[in-house]
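Here are my comments on the model you sent. Please read them with the structure open.

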Amino acid sequence: MRRSGWTADPTVGEMQLDERSSLRRVAGLSTELTDITEVEYRQLRLERVVLVGVWTTGTATQAEASMAELAALAETAGSEVLEGLIQRRDKPDPATYIGSGKADELRAVVLETGADTVICDGELTPAQLTALEKVVKVKVIDRTALILDIFAQHATSSEGKAQVSLAQMEYMLPRLRGWGESMSRQAGGRAGGNGGGVGLRGPGETKIETDRRRIRERMAKLRREIREMKTARDTKRARRTSSGIPSVAIVGYTNAGKSSLMNALTGAGLLVQDALFATLDPTTRRAELDDGREVVFTDTVGFVRHLPTQLVEAFRSTLEEVTGADLLLHVVDGSDSLPAEQIKAVREVITDVIKQSGSPAPAELLVVNKIDAVDPVELTRLRAMLPDASYVSAHKGTGITELRERLAEVLGGLDVEISVLLPYTRGDLLARIHADGRITTSEHEEGGTRVRARVPHALAAALSPFAHAGGSSEPDGAGSPDADGVAH
């Protein structure tokens, strides 16, 4: 249905944004149980929250930035942030995460603000969650549970929903707790001996054990489904790879503007929202650069500091889009207070994924986005710190033309130089060289057409059976990325 005043139908991204905005949590509505210790058996209810973090390393600016990010995560999940507390410690308290004195202070803040939830800036053990809840007497969740909740809200595809469900179950399994007496062990004090009295002998199965068994069965089913979806994704990726068209994966910190940049480069019309983890499902679009070269761009899920390991494992098949790319377009939020920390966090996740896959690391091109929102003095400092990066504003369109030219230059440098003798019956391969490569020399001989050219990796692999002495299999400029920009 066309909206009043519009000159065109809404894009897919605009419709997704409308749908997401139409489902918001209503403050004040609650199905909270009296016993707040049984949180893992109920949906998260994030309404009025108090944040608490432990500052163990780094500067005060880094600690404050981490808390600001936690606040943004909480707001993305649909909650209202009332207060934030940071405690300086050598390491988190093993009992209550923040120590007994700070826990009492936190309880006073909860009473003063009327908060119903405490969110901790770290991953708490089941024992820490239980102990802290007993003191503050409201629900306590950690950063991992918060991120998983956001992913559950934003997942749209079948694969995305399955991956999020698996990650949630992996997180929840060790944190299942008893629900009053109904989930306590059936046997009495002598259960490990000759029996616990009439009606209590025998192995039995507690409610927790039943839940754990069901969760494990569901996790096994989800893993099978994700493997099947991965097969379909691998088939599509192999088809794209065999076409010889270079692939560019757009990666970066969450809310760095990856989808906006994808739209600016390809006109894809993807969902763009000023929120963390707005994009979970990778989207692939084909576009043509100024030199006529066709490129496949893939928008990927954003990363964040301390990304839960459950998510990295569950989304591994999706993250493999990164390992199969010819080039990583690493988008950095130039308006962020700590862009170097963003770059470090993203590279840590990518390194882990690449190491697990066993694939060589793709080249990387840094793109500093949102320069329209950066102070000129800060922008000058950024240019000095990241001299090889491209600087753009995907929202304003600034620097996009220069970035497209840079992409053509970098992708051209990644091409492989080949020398082949193609039989006259393989005119299809010659056509692909013309379309996707750059021919240096071409001669017709009795046995076929002798061609010397620069072509993408995938096409070079398809042409390898026809190679002869004099060809090269290594691209100019291949290697690992440096600290500032593109691989050398």
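1. Start with strand E5, residues 247-252. The model is predicted, and in it E5 is mostly covered: six of its six residues are buried. Which residues point one way, and which the other? Ser247, Ala249 and Val251 point one way from E5. Val248, Ile250 and Gly252 point the other way. All of these are buried.

2. Now the neighbours of E5. Four bridges join E5 to strand E7 (residues 294-299), and the two run parallel.

3. Strand E8 covers residues 327-333, and seven bridges join it to strand E9 (residues 363-369). E8 and E9 run parallel. To check this pairing on screen, pick Asp333: its bridge partner in E9 is Asn369.

4. What is the order of the six strands in the open sheet? It is E6-E7-E5-E8-E9-E10, and the pairing is mixed. The edge strands are E6 (283-288) and E10 (390-391), each of which pairs on one side only.

5. Next, helix H3, residues 100-113. H3 has 14 residues. From first C-alpha to last, H3 reaches 20 Å, close to the 20 Å expected at 1.5 Å a residue.

6. Which residues of H3 are buried? They are Lys102, Ala103, Leu106, Val109, Val110 and Thr113.

7. What do the buried residues of H3 pack against? Their partners are strand E1 (48-55), strand E2 (80-88), strand E3 (117-120) and helix H4 (126-136). The face turned away from the buried side carries the exposed residues Ser100, Leu111 and Glu112.

8. Last, the end of H3. Just after the helix comes Gly114, which takes a positive phi of about 75°.

Note on methods: Residues are numbered from 1 along each chain as its sequence is written. This is a predicted model: local features need pLDDT of at least 70, side-chain atom pairs count only at pLDDT 80 or more; totals for chains, interfaces and linings use all residues. Side-chain values use heavy atoms; hydrogens and water are left out. The expected span of a helix is 1.5 Å times one less than its number of residues. Buried means under 20% relative accessible area, exposed over 50%, partly exposed in between (1.4 Å probe, protein chains only). Contact means heavy atoms within 4.5 Å. Two strands pair if DSSP finds at least two bridges between them.
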